[in-house]
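Please read it with the sequence and the model side by side.

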Amino acid sequence: MGNTAIDLSQKVIVITGANAQLASDVVIALYQEDARLVLSSRNLEKLNAWIAKCGLESDRVLTVKTDVTNIDDVKDLMKKCMDRFGRLDVLITFAGVQVRKPAIAVSYTHLRAHETSLHLV
């Protein structure tokens, strides 16, 4: 166990929006704690290049192309997590939906997109 009060060794952790700046620090910290990571992003090439640059071992890291506003992508993410590691212990969501318009102009569809990642399991 590293610097955390909780033993994260061997825990399976899914992180959406893994290309986000803040996510990169979290990924490195969790990897150093010996966690098993399922990292998702809409830009898999960028994510895989970053993983390679950091030297993270592929036996402990799975990357999955995921758009959290697409329920089929989210289901695929969970299926790949279960197929590879057999369980999910922690979910961290950095992915989100950004709507740049007045709140009164936001459609129900946009609001529902924010809820998609909550229906993972």
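Contact here means heavy atoms within 4.5 Å. The model is predicted, and the points below are grouped by topic.

**Nonpolar cores**
- The largest nonpolar core has 14 residues, of which I15, L30, L37, L39 and V61 touch the most other members.
- At least two residues of this core are supplied by each of β1 (12-16), α1 (21-32), β2 and α2, while the largest share, 3 residues, comes from α1.
- Another core, made up of 9 residues that include V14, L77, M78 and F85, lies apart from the largest one.
- L37, once its neighbours within four places in sequence are left aside, is in contact with I13, V27, L30, Y31, R60, V61, L62 and F85.

- S40 is found in strand β2, and S40 counts as buried because its relative accessible area is 1%, where buried means under 20%.
- Leaving aside neighbours within four places in sequence, the residues in contact with S40 are I15, T16, G17, A18, L47, V64, T66 and L77.

Conventions: Residues are numbered from 1 along each chain as its sequence is written. This is a predicted model: local features need pLDDT of at least 70, side-chain atom pairs count only at pLDDT 80 or more; totals for chains, interfaces and linings use all residues. Side-chain values use heavy atoms; hydrogens and water are left out. A nonpolar core is a set of buried Ala, Val, Leu, Ile, Met, Phe, Trp, Tyr and Cys residues joined through side-chain atoms within 4.5 Å. Buried means under 20% relative accessible area, exposed over 50%, partly exposed in between (1.4 Å probe, protein chains only). Helices (H or I, at least four residues) and strands (E, at least two) are DSSP runs, numbered from the N terminus.
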